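Please look over the model below before reading my remarks. They are meant for someone new to reading structures.

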Amino acid sequence: MRKDYGTGPSGTSAKRPSHRMNPGFDIGGVRIAGRVLTAPMTGVSDLPFRRAASKCGAAYVATEMVACETFAHGRPDVVRRAAIGEGLPLMVVQLVGREARWIAKGAAMAEAAGADIIDLNMGCPAKEVTGGLSGSALMRDLDHAECLIAAAVGATSRPVTLKMRLGWDDASRNAPELAARAEAAGVKAITVHARTRQQFYKGLPDWRAVAEVKAATNLPVIVNGDVYGAASAREALNQSGANAIMIGRGAYGRPWIAAALDRALQDDSEIAEPDLSARLAIALDHFADSLRFYGDMLGLKVFRKHLGWYIENAPWPLSPEARRAAKSTLCRMNSPAEVEAGLIALWS
């Protein structure tokens, strides 16, 4: 994982903003109580993770990507990804699809389930998604992308937002055009991952290119890509001119990061990470919620990736070799009680 050493993609020192960030903004009449948003992440932002992040103070945490057609057909694992749950300050359901009828159905179902905001995915670079002509593949056909946006907007009274990339490749950076079309079709906010699809997650994000999207629309624009701490967040905001930040991989094993980063940006300070005991409490509560949500065996299996990230991000003075050994040992355990006891012993 890229660490935050105080430099941006250009390698220059991050510039401090000339003013502090305001504590929130609106998306289509829905108030977002902070300016650091937690991204929709397949296999990561399930309901237990969203609850963990919300308990830590996150203002906005989106669901995993939900495939509209299988959602409409009631496939259990897809319905589970869209789980609303109790106690969340905001419910954001992200939808992906290729056909307008299923996009419309998915949007209507998400609203009926209690979604506050419905986000459309036109940025996922995964081959299994783009191979089905969904996700970032839609940036190769803006007429069809606009048709899907109109279908979603027409099917729900909730604000519809759009997540995209800069384009399919460097030869077709059409994010500004798609943003303008999306605004005309009724979208209320735009999130841009500052890479093309062909980059996947490699190379440096081009935060400056997001400024072109900002110039092409009057909507709130959220910048995404390689934000892990206060320095990179400030640099992303300075270069893009965006209204807010979306953090994805930087939240692995750090469900508190959005709230902590939001406070740092408001105070023009550095991030205050939770101490050792607080991190252990967060991890144990997240684990218990995963077991309740999925059942013991599936809950343990699903939680293993989070368990590994909690260990990787733990601040105690162990060597990388010791961390890898601890991660390997705990992630091979098959008893929830053993995992809980092992985690407590490791932290102690």
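1. Basis. The model is predicted, so local features need pLDDT of at least 70 and side-chain atom pairs count only at pLDDT 80 or more, while totals for chains, interfaces and linings use all residues. Residues are numbered from 1 along each chain as its sequence is written, and side-chain values use heavy atoms, with hydrogens and water left out.

2. Helices α11 and α14. Helices (H or I, at least four residues) and strands (E, at least two) are DSSP runs, numbered from the N terminus. The axes of α11 (residues 276-294) and α14 (residues 336-347) come within 10 Å and cross at roughly 170°. That makes α11 roughly antiparallel to α14. Axes are lines fitted to C-alpha atoms, for helices over the stretch in contact, with angles from 0 to 180 degrees between N-to-C directions; angles over 145 degrees count as roughly antiparallel.

3. Their contact. Contact means heavy atoms within 4.5 Å. From α11, Leu276, Arg279, Leu280, Ala283, Leu284, Phe287 and Leu291 meet Pro336, Val339, Glu340, Leu343, Ile344 and Trp347 of α14. By class, 11 of these residues are nonpolar, none is polar and 2 are charged. Ala, Val, Leu, Ile, Met, Phe, Trp, Tyr, Cys and Pro count as nonpolar, Asp, Glu, Lys and Arg as charged, and the others, Gly among them, as polar.

4. Helix α1. How many of the 9 residues of α1 (residues 47-55) are buried? The count is 8, so α1 is largely enclosed by the rest of the structure. Buried means under 20% relative accessible area, with a 1.4 Å probe and protein chains only. The buried residues are Leu47, Pro48, Phe49, Arg50, Arg51, Ala52, Ala53 and Ser54. Their cover includes β3 (36-38), β4 (62-67), α3 (76-81), α11 and α12 (296-312).

5. Thr191. This residue lies in strand β8 (residues 190-193). Thr191 counts as buried because its relative accessibility is 5%. Leaving out residues up to four places away in sequence, Thr191 touches Leu162, Lys163, Met164, Ile222, Asn224 and Met246.

6. The largest pocket. A pocket is an open set of points on a 1 Å grid over the protein atoms alone, with protein on both sides within 12 Å along at least five of seven lines; lining residues have an atom within 4 Å of a point. The space in the largest pocket is about 540 Å³. Its lining has 29 residues, and Pro40, Met41, Pro125, Lys163 and Tyr201 are the closest to its centre. Strand β7 gives the most to this lining, with 3 residues. By class, the lining has 15 nonpolar, 9 polar and 5 charged residues.

7. The cavities. A cavity is a set of grid points where a 1.4 Å probe fits but cannot get out. A volume is the space filled by probe spheres set on the points, which are joined across faces, edges and corners. The structure holds 2 cavities of 30 Å³ or more. The largest cavity has about 40 Å³ of space. Its lining consists of Leu95, Val96, Gly97, Ile103, Leu120, Asn121, Met122, Leu138 and Leu148. Strand β6 supplies the largest share of that lining, 3 residues. The second largest cavity has a volume of about 30 Å³, and its lining residues include Arg50 and Ser54, which are also among the buried residues of α1.

Notes: Angles under 35 degrees count as roughly parallel, over 145 as roughly antiparallel, 65 to 115 as roughly perpendicular and the rest as oblique. Buried means under 20% relative accessible area, exposed over 50%, partly exposed in between (1.4 Å probe, protein chains only).
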